Amino acid sequence: MTVASSFHVPSGATAQVSIINTDVYLADLATAALVAPSVDGFEKFRPLASWSFLVQSSKREKVLFDLSIPPDTTTYTPAIKEMLKAASASIDGTKHVAHVLKENGVDPADIGSVIWRSVGEFYQL
């Protein structure tokens, strides 16, 4: 049985994907915040990286999948601040994804679409 695709990809179409390490990390996160039962000798996770992905089509169109963690914790919602405190976690780093893009020759204004993992998760709106 042949299933028709609802997503048409033109023949010969390509895309370039860049992984962006913003150098912002979720640090000192207690394993008990995410894992149960606890494991002796494994009380904290190693720092968890914050990445984004820039996808550029063969037509030079750009889409950013921004999965990064904002470095400025003063902009976080009270709920996120409390979750970090309860998990004994911290945010280490200073760069937003836009800074990393500029440092690598990509003007954020040239990005046609941005997809965030969650708008209100970290920021107070």
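Hi everyone, the structure holds one aromatic pair, and rings of Phe, Tyr and Trp (its six-membered ring) pair if their centres lie within 6.5 Å, with planes under 30 degrees apart counting as stacked, over 60 as edge-to-face and the rest as tilted. The partners are phenylalanine 42 and phenylalanine 45, edge-to-face at 5.6 Å centre to centre with 80° between the planes.

Quick note on the basis: this is a predicted model, where local features need pLDDT of at least 70, side-chain atom pairs count only at pLDDT 80 or more, and totals for chains, interfaces and linings use all residues. Residues are numbered from 1 along each chain as its sequence is written, and side-chain values use heavy atoms, leaving out hydrogens and water.

Now to E3, residues 62–66; strands (E, at least two residues) and helices (H or I, at least four) are DSSP runs numbered from the N terminus. Buried means under 20% relative accessible area, exposed over 50%, and partly exposed in between (1.4 Å probe, protein chains only).

What about its neighbours? Two strands pair if DSSP finds at least two bridges between them. E2, residues 48–57, pairs with E3 in the antiparallel sense over five bridges, with phenylalanine 53 opposite phenylalanine 65. Four residues lie between E2 and E3 in their hairpin, and arginine 60 in the turn has a positive phi of about 75°. With E5, residues 113–116, E3 pairs in the parallel sense over four bridges, and aspartate 66 stands opposite tryptophan 116.
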